[in-house]
Amino acid sequence: MAGIVLNGCPRLEIYNSCFTSNFGEWALGFCGGIYEKDNPISADQNDHPFQSLTSLDLSNRCIHNLINKAFSPIYLPSLSSLNLRGNPLDDNTTSDLTALLKTFTCLNTLEVDIPGPLGESAMKIVESLPGLSLLNGVSATAILESGKCVIDAILQPRLPEWTSDEPLADRVIDAMWSSLMTYRLADEEKIDETSVWYVMDELGSALRHSDEPNFRVSPFLYMPDGKLASAVSFSILWPTKTIQRGDECTRDFLFGIGEEKQRAARLTAWFHTPRGYFINEYEKYWQKMEPTSFVSATMKSLTTSSLLRIDRGVLRVYTDIPSVEELLTRPEFSITTDPKGADIIWTCMQVDEEMRISAGLSDQQYINQFPFEACLVMKHHLAETVQKAHGSPEWFQPTYNLETNLTQVIGDYYVRERDGLDNLWILKPWNMARTIDTTVTGNLSAIIRLMETGPKICQKYIERPALFKGKKFDLRYIVLVRSINPLEIFLTDIFWVRLAPNEYSLDKHSFFEYETHFTVMNYRGRLNNVKTPEFVEEFEQEHQVKWLDIHLRVRKMIHSVFESAAAVHPEMHSPTSRAMYGVDVMLDSSFRPKLLEVTYCPDCTRACKYDTEAVVGGGGSVKGCDFFNYVFGCLFLNETAH
C-alpha cells in the first residue's frame with residue numbers, strides 16, 4: 001500500500017506521520033505549526049513564515065537524510081530549539097550532521113538519541129556544538145562537569161513483561177526489582193554483612209526517579225531494646241528543595257552514584273536505555289577478548305630444594321589452623337607457638353607488612369602465601385589475569401567485573417537476547433567463599449540492582465553442566481605451588497566431588513533453591529558425601545567416558561591458570577613462599593572442564609577426615625590423617641608422594 005500511495009503521489013512529503021524522501025518546506029512547516037489542516041498553505045505567497053520559527057519538533061519522523069535545501073539557516077535563521085529524537089538519520093555521517101547543525105547560529109537546545117546519529121557521547125556532542133546550552137534537557141555545563149556520556153532525561157520506564165502461562169510468583173519475582181530497596185546489616189557476631197531487601201509502602205513506591213529530585217528517602221531502624229531482634233524498620237521521607245502544592249515528589253534512584261560509578265548504565269535497571277550503545281561497547285570489548293597467542297614458558301628443571309639441612313634439625317612450624325597442628329606428625333617438623341622462632345608460618349590470615357611487624361616476622365621465614373596472589377584468589381582479579389594471558393579461553397566462562405564493566409554486561413545480555421541464546425548469569429562477590437551473596441538470575445534488572453550489596457563479578461552461568469544421576473556437581477582439586485619463577489606446581493592425586501542434593505532444573509523458581517544449583521553443603525544444606533573412586537566408576541558407566549581423559553584436560557587447564565598468573569604477575573615470585581590452593585572445577589555437558597574459582601588456604605576437613613584411593617597419578621591408598629604430612633613433604637622436603 002505504501003508503495004502504491006508514494007508512487008501515485010510523488011509530491012507527498014509526509015505519509016503516516018513519517019517524512020518521505022521528498023520532504024521539504026511543507027513538512028518542516030507542518031511540524032513547526034505553520035501549516036495545518038485548516039491552513040495547508042501560507043496565506044501570503046510572498047510571506048516568509050519560517051523566518052520567525054524558533055522551535056521545531058522533528059521527533060519520530062523516520063528521517064533518513066536531514067541534509068535538505070529546506071532545512072537550512074537560510075530558511076530557518078531563528079531556529080533555537082530542535083528535537084531529532086527517534087530518527088535513524090542513517091544516510092548522514094556524524095561529521096556531516098554536526099557540520100549542518102553548526103550552521104544554525106541560534107540553536108541552543110537540542111534533543112537527540114544518545115548514542116545515536118550524533119555519536120555515543122553527550123560530552124563530545126556538547127563539545128562539537130559549543131552554542132548548546134541544553135542537551136536532552138540537561139545543562140551543557142553540567143554534562144561537561146559530570147562527564148556524562150548517556151543522558152537520561154527522557155527514558156521510557158522498563159515495565160514488567162511476562163507470558164500468559166508464567167506463574168504468578170515468577171511474574172512478581174521478575175517485576176520486583178524496580179521497586180526493591182536495600183540496606184546491609186553487620187553485627188559483632190557476623191563477619192559477613194547481611195543484605196536486606198524490602199519494598200516501601202504505596203506512597204514510597206510511587207516516588208518516581210529524577211536526576212534533580214526534591215525528596216530523599218532513607219531506611220531507619222528503631223530498636224527499643226537496643227538489640228537488632230527488637231528492631232522495627234521505617235522509611236524516612238524528607239524534602240530537599242522548596243516545594244509547592246501540586247509538585248510531583250521525586251527521588252534519585254541512584255543517590256550518590258555518579259558517572260564514575262556507571263550511573264547511566266545502572267539506570268537500565270529501571271529504564272529502556274539505548275541498546276545500540278551497549279551492544280557496540282560490548283562488541284569493542286569482545287574484540288579485545290579474542291584468544292591470544294599465549295606462549296607457554298619452557299619447562300625448566302626444578303630449582304627449589306629441601307629446607308631440611310643437617311645443621312638445622314627439625315623445621316619449626318607456627319600455625320593457627322587446628323588440623324595442621326593436630327595432623328602434621330612427621331618427625332622432620334615440630335609445632336611451635338612462637339611465630340618469631342618458626343621456620344615456617346602456615347596461617348589462614350593474610351600476612352601483610354603490618355602483621356609482619358606486629359608478629360616480629362623476618363624475611364627469612366617461609367610463609368604459605370605468595371605476594372600478589374590476589375590475582376588468583378579474588379574473583380575479579382582472576383578473571384583479569386586469565387583474560388590478559390589467554391583472552392577468552394574455552395575453559396573460562398565469559399566474566400565481567402560489575403564495578404567497571406557493567407556496560408559490557410548489558411551489551412552481552414542484549415546480544416544474547418537478540419540472538420535467542422541462553423541468558424542465565426551467576427553473580428559472585430569478589431572475595432567471599434561458601435556461595436555467600438551468590439545469585440543465579442536471567443533478569444537484567446536483577447543483575448544491575450544486585451551490585452548494591454557489594455562488588456561482584458557477573459559470569460555466564462553453565463546452564464548445561466555434566467550431571468551425576470541427574471544432579472549438579474563440581475570438583476575440588478588441591479594445587480601446591482613451590483615456585484612461580486620457574487613455575488613449580490603439583491596436583492594432588494586425590495580430589496573431591498561436591499554434589500547438590502536436588503535434581504538439576506532450569507525452572508525459574510529453582511534458581512532460589514540452594515540445594516539445586518549449589519554444591520557446597522559443608523556450611524548449609526544437606527551434605528551428600530560421595531567417595532571419589534565410587535563416583536568415578538559410576539560416572540564412567542553413566543556417561544560412557546574415560547575419567548583419565550577428563551583428568552588430563554583438567555590438569556592442562558589448571559596448569560594454564562597458574563601459568564597465566566606467572567606470566568601476567570611475575571611480581572608473585574618469592575623464594576620464601578610455598579602455598580596450597582583449592583581449585584574448583586565444573587564439567588559441561590561435553591565433559592570439558594570449566595574453572596570456577598581458586599581459593600587460598602582451602603578447607604581440607606574432608607581431606608583429613610576420610611581415607612580414600614587415588615584414582616589418578618600413582619594410585620594407592622591415601623590416609624586422611626597423613627594429608628598434611630604429604631603436603632608439607634612436597635612443599636618443604638621436595639617429595640612427590642601422592
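Visitor: Which side chain does the side chain of Lys594 join in a polar contact of 3.3 Å?

Guide: The model is predicted. Lys594 lies in strand S29, residues 593–600. Among the residues in contact with Lys594, leaving aside neighbours within four places in sequence, are Glu394, Trp395, Gln397 and Asp588. The polar contact of 3.3 Å joins the side chain of Lys594 to that of Gln397.

Visitor: Lys594 has no salt bridge; how far away is the nearest side chain of opposite charge?

Guide: Lys594 is buried. A salt bridge needs the charged atoms within 4 Å. The nearest side chain of opposite charge belongs to Asp588, and its distance is 4.2 Å.

Visitor: What is the bridge partner of Ser55 in S4?

Guide: S3 pairs with strand S4, residues 81–83, in the parallel sense over three bridges. The partner of Ser55 in S4 is Ser81.

Visitor: What span should helix H13 have, and how far apart are its end C-alpha atoms?

Guide: Helix H13 covers residues 379–390, which is 12 residues. At 1.5 Å a residue the helix should span 16 Å, and this agrees with the distance between its end C-alpha atoms, 16 Å.

Visitor: How many of the 12 residues of H13 are buried?

Guide: The buried residues of H13 include Lys379, Leu382, Val386 and His390. H13 is mostly covered, and its count of buried residues is nine.

Note on methods:
Residues are numbered from 1 along each chain as its sequence is written. This is a predicted model: local features need pLDDT of at least 70, side-chain atom pairs count only at pLDDT 80 or more; totals for chains, interfaces and linings use all residues. Side-chain values use heavy atoms; hydrogens and water are left out. Helices (H or I, at least four residues) and strands (E, at least two) are DSSP runs, numbered from the N terminus. Buried means under 20% relative accessible area, exposed over 50%, partly exposed in between (1.4 Å probe, protein chains only). Lys and Arg count as positive and Asp and Glu as negative; His and the chain ends are not counted. A polar contact is a pair of N or O atoms within 3.5 Å; within protein, one must be able to donate a hydrogen and the other to accept it, and residues adjacent in sequence count only if both atoms are side-chain atoms. Contact means heavy atoms within 4.5 Å. Two strands pair if DSSP finds at least two bridges between them. The expected span of a helix is 1.5 Å times one less than its number of residues.
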